[in-house]
There are 2 protein chains.
Amino acid sequence: MYELVIANKNYSSWSLRPWVLMRALDIPFTERLIPFPGGNSRSTYLPFSPSGRVPALREGEVTVWDSLAIVEYLAERHVGVWPEDGIARAWARSACAEMHSSFTTLRVICTMNCGIRVDLAERPPQLTADIDRLGALWNEGLARFGGPFLAGVEFTAVDAFFAPVVFRCQTYGLTLGGEADRYVSRMLARPALVQWYEAALAETFREEGHEDEARRAGRWTADLRATA
Amino acid sequence: MYELVIANKNYSSWSLRPWVLMRALDIPFTERLIPFPGGNSRSTYLPFSPSGRVPALREGEVTVWDSLAIVEYLAERHVGVWPEDGIARAWARSACAEMHSSFTTLRVICTMNCGIRVDLAERPPQLTADIDRLGALWNEGLARFGGPFLAGVEFTAVDAFFAPVVFRCQTYGLTLGGEADRYVSRMLARPALVQWYEAALAETFREEGHEDEARRAGRWTADLRATA
């Protein structure tokens, strides 16, 4: 049995990736949610993850401590993690790896905060560049592999990897152009994303570091989260 | 036949990773080295890589445009990319993914510059934290899987992923403690790393952005690179 260690659903974009993949593929797991403690969270997560970061997947003696490594670990054990077609698979892996290391400005300015709506204060050129690249990438995948998902007819790891960006599009009102915007709507209606979103809205704990980041991004037009 | 598109050997840590893996595993490929143009390099690399970044691996119609995706692409086609043992493989993948997304301070302050030696001007706490984590990770792998490589008796993708850090240890005089320091010495003597290093020293082009980064790091005690 897998145990998936994650942080707050409202904030933790990296936790969302393996969680939504496992839910979408019906891979059973136990969830252990440990909220961000505020400040340096490393010591909080160190008992569960040697890097002091989440997500971490645990199975017996094995701990897999990064979202992309978790995906590959699952891909060795379950059908459907990656597209069956080799070309689509190479594309999907490249796109996931790019998400894993890049889109820094998007990640810094538009931090994931599922339950609020923000009118962005500014859009520096590097943010526009990140959004343009995202739109190009998504539209390429949707056109090339025929949709409705990024690498073809099935929800695979590359959709899971961009699920946090889908929530960012909703929170910050980002539009990507073309089919990519319809993809955002489709993704927001997927049962696994709906489940995560509803749990995020139900969370009553707040972590000031994440809240500050979202306040710096711009004026909040809505806060849909439950209050304590 | 594979074509691997890379940037300057002296500077491009991400290029080194698949290059040294393919050399170490005797996977034949054609190298296409396109030096950093200075300034924003995206348009230079865009004809070869949809993200505008290198490395990119090309095989027929397929372009794989990130170091970690390249590794997984090769792992589907060649024996020995990952450790055979499943537990070592999960560990190696986690360590690679951590390298891919983390160690930011080390990467920013101690940029890869194979041919110089630098006396670091300062070691902020976050740099020390990155070095401590590296030492812990390497020593864990070397102890757990018995060495001489990070995940056991063979050179695998996890060694390739940390090869740029090995060169950084040499350039900036970093020590990690215990067996990890002996691992650095062993790695520097590997034929594939020696080949890369010698080619890096022979390069005569310089890119001011990278040179500036290395000047900011501290006082240069040696510059072993060829001059034009």
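**Exercise 1.** At roughly what angle do the axes of helix α7 and helix α8 of chain A cross?

*Solution.* This is a predicted model, in which local features need pLDDT of at least 70, side-chain atom pairs count only at pLDDT 80 or more, and totals for chains, interfaces and linings use all residues. Residues are numbered from 1 along each chain as its sequence is written, while chains are lettered from A and ligands numbered from 1 in the order in which they are written.

Step 1. Locate α7 (residues 157-172) and α8 (residues 179-188) in chain A; helices are DSSP runs of H or I with at least four residues, strands runs of E with at least two, numbered from the N terminus.

Step 2. Their axes come within 10 Å and cross at roughly 100 degrees. Axes are lines fitted to C-alpha atoms, for helices over the stretch in contact, with angles from 0 to 180 degrees between N-to-C directions.

Step 3. The two helices are therefore roughly perpendicular (65 to 115 degrees).

**Exercise 2.** Which residues of α7(A) meet α8(A)?

*Solution.* Contact requires C-beta atoms, placed from the backbone, within 7 Å. A:D159, A:A163, A:V166, A:C169 and A:Q170 meet A:V184, A:M187 and A:L188 of α8(A).

**Exercise 3.** Which element of chain B gives the most residues to the side that touches chain A?

*Solution.* Step 1. In this interface, 18 residues of chain B are in contact with 18 residues of chain A.

Step 2. β4 (62-64), α3 (67-75) and α4 (86-101) of chain B each give two or more residues.

Step 3. α4(B) gives the most, with 8 residues.

Technical notes. Angles under 35 degrees count as roughly parallel, over 145 as roughly antiparallel, 65 to 115 as roughly perpendicular and the rest as oblique. Two residues are in contact if their C-beta atoms, placed from the backbone, lie within 7 Å.
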